[in-house]
Amino acid sequence: MNKHVIISLTILFLMPLPGKAQKHCRHEAMEAEKVSYLTRNLDLTVMEAQKFWPVYNEYQDELEKNIMAQRNIMDKLDPEDSDLSNKELETKIDELIQLEVDKANIQKSFHQKFKKVLPINKLGLFYHYDKEFKRYLLRKFRNFKGDKHGSGPGAPPPRDIHTF
């Protein structure tokens, strides 16, 4: 992605919007930033990118469904908002554990798919940089919460591991 697109997405990320629209816009901007970050660090060829991104998008969709199901259960487990019986509580906790197992199965299944579209060295880089991007987001969030007027929200993601 060129610098103008990244700058535009960053500005879009920082624009105040009401409620769900703001969350949706920020989520899209974060995803675009992640795609840019992974593309830059994985150094994918055109052929690799054409094969990788559809599988990656499907992977993200599956993980997102799993995360949403976990959130729904966690909302029901909130002690301030819940009056579940012990049996209902046990069922919800069992469902939560099953979702963790399902998440591991999603990761295992997509690992096999990723192996078919990327050389193993780039697959290793993908797992590494995917995790590094999550760390970057956590740092960005902490900086944003701690210093709302500082450089936190607009700081560019690191290019590689050596910048950490």
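Start with the whole chain: among contacts (heavy atoms within 4.5 Å) with a separation of 6 or more, 67% join residues 24 or more positions apart. This is a predicted model: local features need pLDDT of at least 70, side-chain atom pairs count only at pLDDT 80 or more, and totals for chains, interfaces and linings use all residues. Residues are numbered from 1 along each chain as its sequence is written, and side-chain values use heavy atoms, with hydrogens and water left out.

Switch to cartoon. The chain has five helices and zero strands. Helices (H or I, at least four residues) and strands (E, at least two) are DSSP runs, numbered from the N terminus.

Select residues 86–117. This is helix α4, with 32 residues. Its first and last C-alpha lie 47 Å apart, close to the 46 Å expected at 1.5 Å a residue; the expected span is 1.5 Å times one less than the number of residues. Show side chains: K92, L96, L99, I106, F110, F114 and V117 are buried (buried is under 20% relative accessible area, exposed over 50%, partly exposed in between; 1.4 Å probe, protein chains only).

Next, the salt bridges (a side-chain nitrogen of Lys or Arg within 4 Å of a carboxyl oxygen of Asp or Glu). The whole structure has eight.

- Select E33 and K140. Their closest N and O atoms are 3.1 Å apart. E33 sits in α2 and K140 in α5, 107 residues apart. Both are buried.
- Select K122 and E48. Their salt bridge is 2.7 Å, N to O. It links α5 to α3.
- Select E132 and R135. The N and O atoms come to 2.5 Å. E132 is buried at 4%; R135 is partly exposed at 39%.

Finish at K34, D130 and K134, linked in a salt-bridge network.
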